[in-house]
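Please read the points below with the structure open beside them.

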Amino acid sequence: MTKHPVDEGLPAGRLALLGLQHMSIMYAGSVAVPLIVGSALKLDPATIGLLVNADLLVAGIATVIQAVGIGKLLGIRLPVVAGATFSVVNPMILIASQYGLPAVYGAMLASGVFGLLIAKPFAKLIRFFPPLVTGTLLLVIGVSLLGPGAGLIAGNDPTAPDYAALSHILLAFGVLALLVLFTRVLRGFANQIGPLLALAIGLVIAIPMGLVHWDGLGAASWFGLASPFHFGAPTFPVAAVLSMCVVMLVTFTESTADMIAVGEITGRPPTDSDLARGLATDGFSAVLGGVMNSFPDTAFAQNVGLVRMTGVRSRWVVAVTGGILVLMGLVPKIGAFIAAIPQPVVGGVAVVMFAMVAAVGAQNLRKVEFSGNHNTFIVAVALGVGLLPAFAPKIFQHFPAWLQTICGSSITVAAVLAFTLNLLFNHLGGRREPDLLEAP
């Protein structure tokens with residue numbers, strides 16, 4: 001019996017090359033999360049390096065599980081690459097500022113257990129998350145993260161003497177220009193590693209500018225593993241736990257859309273059970289991230305596009321990607337090196353990555369019928385109210401502290417609104433929006 005292309009093995013050399021290619025696609029987006037969180041919380045370079053290494057390790061483990069699977073419990077067994085979800089950025093920063101980092105990782109642990117418990121029921125409720133909801137969420141995620149992206153370029157303290165320094169702006173735009181050039185001119189694998197090439201050249205340019213500091217790199221060891229609960233024993237404030245559980249629901253929504261897309265591309269549409277195992281892996285990544293000082297993972301949309309573009313459908317390719325990420329996570333010097341990259345260099349690439357998330361959301365919304373229904377209204381309310389915290393971060397400052405933690409994130413607000421309004425207008429006695437599984 002002929003193997004399905006998803007299960008097909010490839011020669012070792014080709015597997016390694018294609019696995020490296022997937023890593024190059026997701027790398028900049030994944031490490032942007034610890035860089036943004038670390039910068040916002042004013043962590044030192046060594047600690048940011050720790051977050052980066054933990055992020056790579058957990059993402060690698062989750063990617064291997066998604067590709068290979070663990071019995072009937074975990075892993076969708078499709079070429080799905082896992083990486084840190086952007087939706088966790090604002091909630092983590094808010095929770096850390098109010099309760100401290102032990103509360104961040106306590107809430108993450110709790111949300112991971114919550115995710116493991118609801119993965120199967122959530123997979124059966126997929127008809128309530130059509131492209132109308134998923135597209136709106138992705139759009140809000142991308143737009144809301146442009147603020148932190150701008151902070152990487154200009155800085156986060158307007159009173160600082162080097163805030164929005166012309167040299168920093170020009171450096172970031174130079175990196176962005178390189179990315180545009182590489183995307184337009186390069187072909188094949190070289191085209192796919194355009195973001196990494198732009199980062200590397202930007203780093204070289206930044207050295208004579210005095211923006212690169214190697215202190216953390218010299219102090220970091222070559223091999224090692226960050227100690228569990230590095231920031232102390234986890235705590236579990238109710239508001240923080242609720243906020244992270246909402247993030248888990250948003251993560252499930254993101255991952256579901258990407259997993260279904262991969263299934264369509266590879267010719268193996270996922271069943272409810274497949275989806276449940278894939279989502280449970282997201283929950284497991286949050287549990288592991290809570291222990292190892294990392295972040296919850298989701299299926300990365302940019303890698304979905306790579307599967308479509310290359311036509312390589314083997315899940316063993318991304319299993320190799322996961323192995324590469326695990327190895328990178330076990331080498332602290334790599335994290336310290338990444339932490340030494342100047343923020344304007346990272347920002348020049350990050351703003352494009354974030355906007356790409358919004359573009360994927362816009363693509364999802366193209367599947368929605370907007371004539372003769374309230375779908376335009378649903379998008380408008382979720383988008384308008386959801387983005388308020390992104391443009392006016394203190395708009396809910398007079399709310400109770402526990403509610404600020406939840407409402408302070410554009411993504412959580414948009415998720416609640418998009419889901420509830422879609423249910424109200426399209427499922428409770430009204431016209432039903434087509435299922436995500438039925439969407440063309």
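**Notes on the model**

1. Helix H7 (residues 166-185) and helix H9 (residues 194-206) have axes that come within 9 Å and cross at roughly 145 degrees. The model is a predicted one, in which local features need pLDDT of at least 70 and side-chain atom pairs count only at pLDDT 80 or more, while totals for chains, interfaces and linings use all residues. Residues are numbered from 1 along each chain as its sequence is written, and side-chain values use heavy atoms, with hydrogens and water left out. Helices (H or I, at least four residues) and strands (E, at least two) are DSSP runs, numbered from the N terminus. Axes are lines fitted to C-alpha atoms, for helices over the stretch in contact, and angles run from 0 to 180 degrees between N-to-C directions.

2. The crossing of H7 and H9 is right-handed; a crossing is called right-handed if the near helix is turned clockwise from the far one by less than a right angle, and left-handed if anticlockwise. On the H7 side the contact (heavy atoms within 4.5 Å) involves Leu 171, Val 175, Leu 178, Leu 179 and Phe 182. These meet Gly 194, Pro 195, Leu 197, Ala 198, Ile 201, Gly 202, Ile 205 and Ala 206 of H9. By class, the contact of H7 with H9 has 11 nonpolar, two polar and no charged residues. Here Ala, Val, Leu, Ile, Met, Phe, Trp, Tyr, Cys and Pro count as nonpolar, Asp, Glu, Lys and Arg as charged, and the others, Gly among them, as polar.

3. Leu 186 is in the loop between H7 and helix H8 (188-192). Its relative accessibility is 22%, so Leu 186 counts as partly exposed; buried means under 20% relative accessible area, exposed over 50%, and partly exposed in between (1.4 Å probe, protein chains only). Leaving aside residues up to four places away in sequence, Leu 186 touches Leu 181, Asn 191 and Leu 197. The C-alpha atoms of Leu 186 and Val 379 are separated by 37 Å, with the two residues 193 apart along the chain.

4. Helix H3 (residues 89-99) packs on helix H4 (residues 101-124) at an angle of about 130 degrees, with the axes 7 Å apart. H3 is therefore oblique to H4 (under 35 degrees counts as roughly parallel, over 145 as roughly antiparallel, 65 to 115 as roughly perpendicular and the rest as oblique). The crossing of H3 past H4 is right-handed. Met 92, Ile 95, Ala 96 and Tyr 99 of H3 make the contact with Leu 101, Ala 103, Val 104, Tyr 105 and Met 108 of H4. The contact of H3 with H4 comprises nine nonpolar, no polar and no charged residues.

5. Which arrangement do H2 and H14 have, roughly parallel or roughly antiparallel? The axes of helix H2 (residues 45-68) and helix H14 (residues 315-329) come within 7 Å and cross at roughly 160 degrees, which makes H2 roughly antiparallel to H14. The crossing of H2 and H14 is left-handed. Residues in the contact include Asn 53, Leu 56 and Leu 57 of H2 and Arg 315, Trp 316 and Val 318 of H14. In this contact of H2 with H14 there are 13 nonpolar, six polar and one charged residues.

6. There are five aromatic pairs, taking rings of Phe, Tyr and Trp (its six-membered ring) with centres within 6.5 Å, and counting planes under 30 degrees apart as stacked, over 60 as edge-to-face and the rest as tilted. Tyr 105 and Phe 231 are stacked, because their ring centres lie 5.9 Å apart and their planes are at 0 degrees. Tyr 105 lies in helix H4 and Phe 231 in the loop between helix H10 (215-219) and helix H11 (238-266), so the pair ties together parts 126 residues apart in sequence. Tyr 105 is buried, at 4% relative accessible area, whereas Phe 231 is partly exposed at 21%.

7. Asn 293 is not a glycine, yet has a positive phi of about 65 degrees. Asn 293 sits in the loop between helix H12 (272-292) and strand E2 (297-299), and is buried at 0% relative accessibility. Ala 164, also not a glycine, has a positive phi of about 55 degrees. Ala 164 is in the loop between helix H6 (146-154) and H7, and counts as partly exposed at 37% relative accessibility.
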